[in-house]
Amino acid sequence: MYSAHVTLSRVKSPPASDTFSRSFNISLNRSRDRDRWRRVLGKIASISASDCCVLGTSDLASPLPKLVPAVRVGGSPSAVESMRACLTALRSAPAGTVTVANHEHAAGRRRGSKEPMSVVGTILVNGNGHSLVLAACRRRQYQSREKHFFERLAPRLTRLGTTLEADRLELTKSKALNAVFDSLAAAVFVTDCDARVLYANAAAERVLARGKGLCVRSGHLTTSDNASAKSLNDAIERLCCGAEQHHRISVVCHPRGGQELLATVVALTGGDKDNVLDTAGAAVFVKDPDLEPLIPAEGFAKLYHLTACELRLIRSMLPGRCVKGAAEAEGISEATARTHLHHIFMKTGTKKQVELMQLFSSYALPVLAEPERQTRRQSPKG
């Protein structure tokens with residue numbers, strides 16, 4: 001897959017707390033900060049004589065907040081569970097505030113046995129209902145000197161946590177943008193000034209896979225026809241260099257033995273000659289006739305107060321059928337179909353079938369009517 005910034009993936013939408021924790025873990029892995037945090041937590045555990053030290057995320061707005069560890073040094077899952085007592089106290093505390101809680105914890109030696117547990121915690125970064133938390137615990141109570149140690153340490157850790165939170169937000173935005181682009185019914189390529197492909201959405205990859213004239217050779221976007229390839233490359237270069245008065249150029253691609261495609265090149269540099277060396281220079285939009293856009297038919301019916309029968313008739317006529325053909329498709333008489341059509345004309349203010357179809361199609365959204373089953377994306381071979 002092509003991506004100008006980060007590698008993105010399609011995933012089912014998990015709960016918000018899982019999304020926060022998962023994206024935070026990804027940012028840890030991508031920046032290779034997990035080992036760094038593990039070393040930091042190890043030093044904190046050693047200096048504070050803690051049995052367990054955890055960096056994790058928590059939904060503090062929940063009645064029973066839970067700590068989801070991202071990095072843990074020492075301890076066990078049951079020890080992490082015991083930190084919940086401290087999370088409740090942190091709920092209303094500002095970032096950087098250190099809280100100590102003492103309670104009994106299941107010892108695990110025999111059923112019903114308890115042992116004293118002392119927990120210290122602080123919020124490093126506050127999010128929208130979710131927070132990045134540092135917590136530690138041990139069997140004996142934390143004294144004022146250990147609490148003072150955590151208070152002096154919190155601002156430094158907050159700066160590190162803020163960096164990770166920025167990475168997480170950037171990752172979340174990129175994933176959202178990728179999902180939006182993959183839903184489009186138009187193929188979108190992002191290239192540099194030399195037509196090197198930096199990103200291609202799902203529709204673009206389908207166009208390439210079906211051999212519709214556009215192809216990628218040695219990483220560059222081109223066509224199977226030499227003349228069209230030259231026109232496309234020239235358009236990208238002129239727009240990137242600001243040589244054109246307008247910021248978009250349309251090019252007709254004439255594939256060998258295939259269907260003609262219209263590619264519209266849009267400058268991403270805004271014609272600024274100082275930005276010609278920027279990585280992303282142009283976006284190429286290609287409309288694939290085989291990809292049908294979504295028309296919000298139910299919304300159209302509500303807007304014009306159409307009945308279910310009237311809406312079904314419009315849908316039947318959309319492929320270009322006459323009234324008689326649409327009536328046969330719907331299993332109704334031609335007279336009934338014409339009555340429905342007369343009512344539709346009055347409600348929509350149209351007078352002819354062509355006008356009605358144009359009005360109906362004008363509400364089409366630039367997204368796929370029936371998104372194809374998501375498959376693992378593979379980079380086209382150049």
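# Reading a predicted fold: confidence, cysteines and salt bridges

Of the 382 residues of the protein, 43% count as buried (under 20% relative accessible area; exposed is over 50%, partly exposed in between, with a 1.4 Å probe and protein chains only).

Biologist: What kind of model is this, and how are its residues numbered?

Modeller: This is a predicted model, numbered from 1 along each chain as its sequence is written. Local features need pLDDT of at least 70, side-chain atom pairs count only at pLDDT 80 or more, totals for chains, interfaces and linings use all residues, and side-chain values use heavy atoms, with hydrogens and water left out.

Biologist: What does the protein average in pLDDT?

Modeller: First the idea: pLDDT is the predictor's confidence in each residue, from 0 to 100. Here the average is 77, and 76% of the residues score at least 70.

Biologist: Where is confidence lowest, and where highest?

Modeller: Helices (H or I, at least four residues) and strands (E, at least two) are DSSP runs, numbered from the N terminus. Helix H1 (residues 16–30) is lowest, at a mean of 53. Helix H11 (residues 334–348) is highest, at 93. Over residues 1–17 the pLDDT is below 50. That stretch still has 35 contacts (heavy atoms within 4.5 Å) beyond near neighbours in sequence. Residues 106–110 also stay under 50. For them the model has seven contacts beyond four places in sequence.

Biologist: How many helices and strands are there?

Modeller: The protein has twelve helices and 14 strands. Take contacts between residues at least 6 apart in sequence: 57% join residues at least 24 apart.

Biologist: How many disulfides does a search of the whole structure find?

Modeller: The test is a pair of cysteine sulfur atoms within 2.5 Å. The search finds zero.

Biologist: How many salt bridges does the search find?

Modeller: Look for a side-chain nitrogen of Lys or Arg within 4 Å of a carboxyl oxygen of Asp or Glu. The whole structure has nine.

Biologist: Which parts does the Glu298 and Arg315 pair tie together?

Modeller: Glu298 lies in helix H8 (residues 297–304) and Arg315 in helix H9 (residues 308–317), so the pair ties parts 17 residues apart in sequence. Their closest N and O atoms are 3.1 Å apart. Both count as partly exposed: Glu298 at 46%, Arg315 at 40%.

Biologist: Is Glu310 buried or exposed?

Modeller: Glu310 is buried, at 3%. Lys347 sits in helix H11 and Glu310 in helix H9, so parts 37 residues apart are tied together.

Biologist: What is the closest N and O distance between Glu330 and Arg312?

Modeller: That salt bridge is at 3.7 Å. Glu330 is in helix H10 (residues 323–330) and Arg312 in helix H9, 18 residues apart. Glu330 is partly exposed, at 29%, as is Arg312, at 41%.

Biologist: Which residues are linked in a network of salt bridges?

Modeller: Arg138, Arg145 and Glu146 are.
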